[in-house]
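Open the model in your viewer and keep the selection tool at hand. The tour goes residue by residue.

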Amino acid sequence: MSVRYLKRGKPEAERAEDDAKVRGAVEAALAEIGARGDAAVREMAEKFDGYSRETYRLSDGEIEAIIAKVSDREMADIRFAQEQVRVFAQAQRESMKDIEVETLPGVVLGHRNIPVQSVGCYVPGGKFPMVASAHMSVATASVAGVPRIIAATPPFKGEPNPGVIAAMHLGGAHEIYVLGGIQAIGAMALGTETIEPVHMLVGPGNAFVAEAKRQLFGRVGIDLFAGPTETMVIADETAADAELCATDLLGQAEHGYNSPCVLLTNSERLAKDTMAEVDRLLQILPTAETARVSWEDFGEVIVCDSYDEMLAVADDIASEHVQVMTDRDDWFLDNMTCYGALFLGPRTNVANGDKVIGTNHTLPTKKAGRYTGGLWVGKYLKTHSYQKILTDEAAAMIGEYGSRLCLLEGFVAHAEQCNLRVRRYGGANVPYGEAAPYREAAT
């Protein structure tokens with residue numbers, strides 16, 4: 001394999017050091033919220049967001065007044081985007097069936113898909129008001145049938161952002177809070193005097209939000225462990241040029257100062273042309289102050305000799321967003337196994353996926369695509385099994401096997417659960433604490 005890096009990002013060790021810096025602050029903040037509740041949340045909101053009010057939950061009247069600031073055109077766009085998300089989420093929900101099967105005569109097994117009973121949806125908004133994140137978390141939870149959906153977002157330039165609040169409300173949020181960062185995550189997960197805790201947290205956020213979710217996992221469920229947004233462009237000269245590649249790389253680099261963006265190609269000419277085009281675009285891009293840091297510190301350009309090498313490198317990196325612009329896009333679809341979401345062909349782009357097309361944009365980062373997919377309607381559903389034994393014959397037969405297998409492991413009390421059924425429904429005299437005898441009838 002011949003893989004050449006024309007540009008490399010920061011080493012993994014340095015990225016790990018960056019992550020470690022927020023852990024102590026988050027741990028201390030969550031401890032404060034757990035101990036002092038609303039008082040601690042208020043202090044953090046005033047300190048970090050410069051925002052203070054009597055209650056951080058918006059009333060129905062306040063929600064209506066804020067939404068009234070959204071123009072008709074903007075509201076129509078929000079409704080259109082939410083409809084795309086709902087249609088796809090509903091199709092996914094309908095693919096998840098409850099099942100019941102009789103595995104042996106008189107033995108019935110099944111499972112039911114039950115919604116999580118309460119969810120806290122975090123919608124980032126301190127730097128950019130992430131309207132689309134409300135569709136992805138709130139509307140999808142609504143399709144799943146979650147009975148209590150609360151949503152939190154930080155103030156944007158000192159006030160709740162009307163577009164975000166509108167998207168939360170239209171998406172189906174039952175409670176909306178103007179809270180950001182650790183204080184929002186901690187309040188929703190731990191609860192305070194005025195906020196009932198939830199069973200699950202979802203939604204993207206900055207490093208502090210991600211770390212808070214990580215530390216709270218177990219006490220509550222989470223959608224996934226998220227890091228900075230990532231993008232990879234897989235391209236060859238048959239389907240892409242430098243303008244397409246550079247534009248699509250910078251489209252995610254503007255998210256933050258630590259957003260990895262990778263070009264993977266089999267053309268050294270396309271690689272070098274793209275690097276030059278990135279430099280050109282950074283001279284005119286209004287968000288270049290952020291995008292330039294991401295590109296300089298985390299941008300990578302990788303040249304391979306073959307498509308098989310490109311596939312191997314792509315699966316190893318396991319990027320959050322993978323845009324494929326080659327003469328064999330469907331080959332990558334069929335063969336790639338580790339990624340957040342695929343965007344196939346030059347007509348497709350990550351921004352459409354993030355904002356409007358209908359797939360969910362909360363996706364695995366930091367190689368988590370090796371073991372999980374992103375947020376979808378199924379994340380809000382718990383699959384619970386159940387069992388029924390309908391006949392005396394089945395109870396005795398299963399009980400005999402259970403008795404012997406429990407004692408094989410040394411669990412006498414377990415075996416007695418089985419033995420009791422063998423005695424009661426099978427008429428057998430099994431001595432207490434002994435294994436049920438093997439009978440031909442039990443096969």
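**Stop one: Asp354**

Select Asp354. Beyond its neighbours within four places in sequence, Asp354 is in contact (heavy atoms within 4.5 Å) with Ala132, Met136, Gln252, His255, His321 and His361. Asp354 sits in helix 15 (residues 350-355); helices are DSSP runs of H or I, at least four residues, numbered from the N terminus. Asp354 is buried at 7% relative accessibility (buried is under 20%, exposed over 50%, partly exposed in between, with a 1.4 Å probe and protein chains only).

This is a predicted model: local features need pLDDT of at least 70, side-chain atom pairs pLDDT 80 or more, while totals for chains, interfaces and linings use all residues. Numbering runs from 1 along each chain as its sequence is written, and side-chain values use heavy atoms, without hydrogens or water.

**Stop two: Gln252**

Move to Gln252, in helix 10 (residues 242-253). Gln252 is buried, at 4%. Its side chain makes a polar contact with the side chain of Thr229 (3.1 Å); such a contact pairs N or O atoms within 3.5 Å, one able to donate a hydrogen and the other to accept it, and residues adjacent in sequence count only if both atoms are side-chain atoms.

**Stop three: His255**

Next, select His255, in the loop between helix 10 and strand 10 (261-265). His255 is partly exposed, at 28%. Among its contacts are Lys127, Phe128 and Thr290.

**Stop four: His414**

Finish on His414, in helix 17 (residues 412-426). His414 is partly exposed, at 39%.

Methods: Helix = DSSP H or I, 4+ residues; strand = E, 2+ residues; numbered from the N terminus.
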